[in-house]
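User: Could you walk me through this model before I set anything up with it? I'd like the conventions spelled out as we go.

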Amino acid sequence: MSSAFVKESEEQWLHDIPPTLNALIVYLTRENNGVRVYEKSSDRDKDGVVLHNMSNGLSYKIDKNNTWAIV
């Protein structure tokens, strides 16, 4: 069995991650080939939803469905 086949079966999507900052960091670090991704800052949008600005250059929030989404 090739390692590519094993990795594909372990694939996880952003919306499958639990809605915690730690889970997001673990997921993003794994997707970034093990290079640690961290929260640089956080803000609130006009609706009061927390936006997490991450070191990978993207911002993330927890949406109405209680799942992670890229802003």
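Analyst: Helices (H or I, at least four residues) and strands (E, at least two) are DSSP runs, numbered from the N terminus. On that basis the chain holds 2 helices and 4 strands, and along the sequence they follow the pattern α-α-β-β-β-β. This is a predicted model, in which local features need pLDDT of at least 70 and side-chain atom pairs count only at pLDDT 80 or more, while totals for chains, interfaces and linings use all residues. Residues are numbered from 1 along each chain as its sequence is written, and side-chain values use heavy atoms, with hydrogens and water left out.

User: What does the pLDDT average over the chain?

Analyst: The average is 90, and 86% of the residues score at least 70, where pLDDT is the predictor's confidence in each residue, from 0 to 100. Over residues 1–7, however, the pLDDT is below 50, and beyond near neighbours in sequence this stretch has 1 contact in the model, a contact being heavy atoms within 4.5 Å. Where pLDDT is low, the predicted coordinates should not be read in detail.

User: OK, the sheet then. What is the strand order?

Analyst: The order is β1-β2-β3-β4 in an open sheet of 4 strands with antiparallel pairing; two strands pair if DSSP finds at least two bridges between them. The edge strands are β1 (39–44) and β4, each pairing on one side only. From one strand to the next the twist averages 30°, with axes taken as lines fitted to C-alpha atoms (for helices over the stretch in contact) and angles running from 0 to 180 degrees between N-to-C directions.

User: How many bridges join β1 to β2?

Analyst: There are 5 bridges between β1 and β2, and among the pairs across these strands D43 stands opposite L51, while E39 has M54 as its bridge partner. The hairpin of β1 and β2 has 5 residues between the strands, and G48 there takes a positive phi near 85°.

User: And the other two pairings?

Analyst: β2 and β3 are joined by 2 bridges, with H52 partnered by Y60, and their hairpin leaves 4 residues between the strands, where G57 in the turn has a positive phi of about 90°. β3 and β4 pair over 3 bridges in the antiparallel sense, and here Y60 stands opposite I70.

User: Switching to the helix side: which residues of α2 are buried?

Analyst: In α2 (residues 21–31) the buried ones are A23, L24, I25, Y27, L28 and T29, where buried means under 20% relative accessible area, exposed over 50% and partly exposed in between, with a 1.4 Å probe and protein chains only. These residues pack against β2 (50–54), β3 (59–62) and β4 (68–70). Leaving aside neighbours within four places in sequence, L28 is in contact with V37, M54, N56 and Y60.

User: What makes up the largest nonpolar core?

Analyst: It has 11 residues in all, namely L14, I17, A23, L24, I25, Y27, L28, V37, M54, Y60 and W68, and the largest share, 5 residues, comes from α2. A nonpolar core here is a set of buried Ala, Val, Leu, Ile, Met, Phe, Trp, Tyr and Cys residues joined through side-chain atoms within 4.5 Å. Over the whole chain of 71 residues, 25% count as buried.

User: Last one: what does the accessible surface of the chain come to?

Analyst: About 5200 Å², of which 51% belongs to carbon and sulfur atoms, by the Shrake-Rupley method with a 1.4 Å probe.
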